[in-house]
Amino acid sequence: MATWTPGAPELVARWALDPSVDFLNHGSFGATPRAVLAVQDALRAEMEAEPVEFLARRLPARLDAARARVAALVGADPAGLVFVPNATHGVESALGALDWREGDEVVHADHGYNAVKMALLRLEHRYGVRHVPAIVPFPIHDPEQVIGAFAAAIGPRTRLVIVDHVTSATALTFPAAELVALCRARGVAVLVDGAHAPGLLDLDLEALAADFYTGNLHKWVCAPKGAALFWVHPDWRARVHPRVTSHGYASGLAPEFEWTGTFDPTAWLAVPAALDHLEVLGIAEVRAATHGLVREGRELLADALGVELPHPDHPSWYGPMAAVLVPWARGADAPGLTARLFAEHRIEVPFTAYDARCFIRISAQVYNSPAQYRRLAEVLRAWR
Ligand SMILES: Cc1ncc(COP(=O)(O)O)c(C=O)c1O
């Protein structure tokens, strides 16, 4: 049982968010508690006091300690885990590990993240690799529909399947374990894009045993921006390299990935502070409270918009984010509606595009309160 209530002033005060904004978009970039930012500031001050001591001598051991905390969170052997700046880097690193040939195919759901689709387009331009979408219906009511969509898209030329663990535009949790098992059974490599997953879902990366897994720590772990993880199956560890080469080339995952030239590592080093913050609130309590806010919020929005909910009300389908159809708008209207809502009402929430349709995607964090979703629902009712 949580000893706190979401949206209570003492919780809101933990974050640096502008109080004049109803911030219902934790999902895009996260938001970092003041206590974690203070740790990062102190690390930066230390770095600037003696950059060589900090970066050349002390950094590797400190990264080992921070990585061990992340490994414990996600059920990973630290030897297969590295920090990367974001999930985009993780995806690109996995794509770079395969030896592509013209006609190879990559399966990625139509719900998949746009930047990943662009990475696949680049593979097409460079090597003639084809992107084959797994068409996952939405509304959806049965996880078998997700598995069936991937099973239908995998063919004899498939070299890699990319599974979004939690989709961006539609905020759906995909059944990653079943999809990884499907790929194993078909003999194709699988990358799980868990951009939203760390902190939000129970992860056991060793048991999941995908070929590659990437996930952000700046979203639901609330680490500073630029903190993410990339996990590599033992079979691939000698073959995967960051896109940027530096001193650590071919000397192991951590030396290669965690030094790709001079940079500011304080976001990575502050991850333990973010985990401490999450653990003080209670990870299970945070998940339950934020799911509860979104559960209620999506019902309010569906009522205001006059639409059905797009998936069953079960935590296996969604956590602290949910998407609701906006029936009077098209996908192309999404950016304009997001900007209008902010300009007219100071509500920060994304309208998203999927399959040419427009959705509104709400997020919840413990700094949010039910009144914020009610206010949003009233605005949407008036816009109808
Ligand atoms: C499914 C998915 N993949 C990749 C990303 C990219 O994350 P980042 O911008 O941190 O690299 C996101 C971001 O929201 C996402 O939702």
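Student: Okay, which residue stands opposite H108 in β4?
Tutor: Opposite H108 stands P133 of β4, where strands are DSSP runs of E with at least two residues and helices are runs of H or I with at least four, numbered from the N terminus. This is a predicted model, in which local features need pLDDT of at least 70 and side-chain atom pairs count only at pLDDT 80 or more, while totals for chains, interfaces and linings use all residues. Residues are numbered from 1 along each chain as its sequence is written, and side-chain values use heavy atoms, with hydrogens and water left out.

Student: And how many bridges join β3 to β4?
Tutor: Five bridges join β3, residues 105-109, to β4, and the two run parallel; strands count as paired if DSSP finds at least two bridges between them.

Student: What sheet do they sit in, and what is its strand order?
Tutor: They belong to an open sheet of seven strands with mixed pairing, in the order β2-β8-β7-β6-β5-β3-β4. Its edge strands, β2 (81-84) and β4 (130-134), each pair on one side only.

Student: Which helix packs on that sheet, touching β3 and β4?
Tutor: Helix α6, residues 114-127, packs there and touches β3, β4, β5 and β6, contact meaning heavy atoms within 4.5 Å. The direction of α6 makes about 165 degrees with that of β3, with axes fitted to C-alpha atoms, for helices over the stretch in contact, and angles running from 0 to 180 degrees between N-to-C directions.

Student: Switching topic, what is the order of the three-strand sheet?
Tutor: That open sheet runs β9-β12-β11 with antiparallel pairing, and the edge strands are β9 (321-330) and β11 (351-354). β11 pairs with β12, residues 357-363, over four bridges, and Y354 stands opposite R357 in β12.

Student: Now the ligand: which residues come nearest?
Tutor: Of the 13 residues around the ligand, T88, D193, N216, H218 and K219 come nearest, a residue being near if one of its heavy atoms lies within 4 Å. An oxygen atom of the ligand is 2.5 Å from an N or O atom in the T88 side chain, and a nitrogen atom of the ligand is 2.6 Å from an N or O atom in the side chain of D193.

Student: Last one, how many helices and strands are in the protein chain?
Tutor: The protein chain has 15 helices and 12 strands, and its C-alpha trace spans about 60 × 55 × 35 Å along its principal axes.

Terms used. A polar contact is a pair of N or O atoms within 3.5 Å; within protein, one must be able to donate a hydrogen and the other to accept it, and residues adjacent in sequence count only if both atoms are side-chain atoms.
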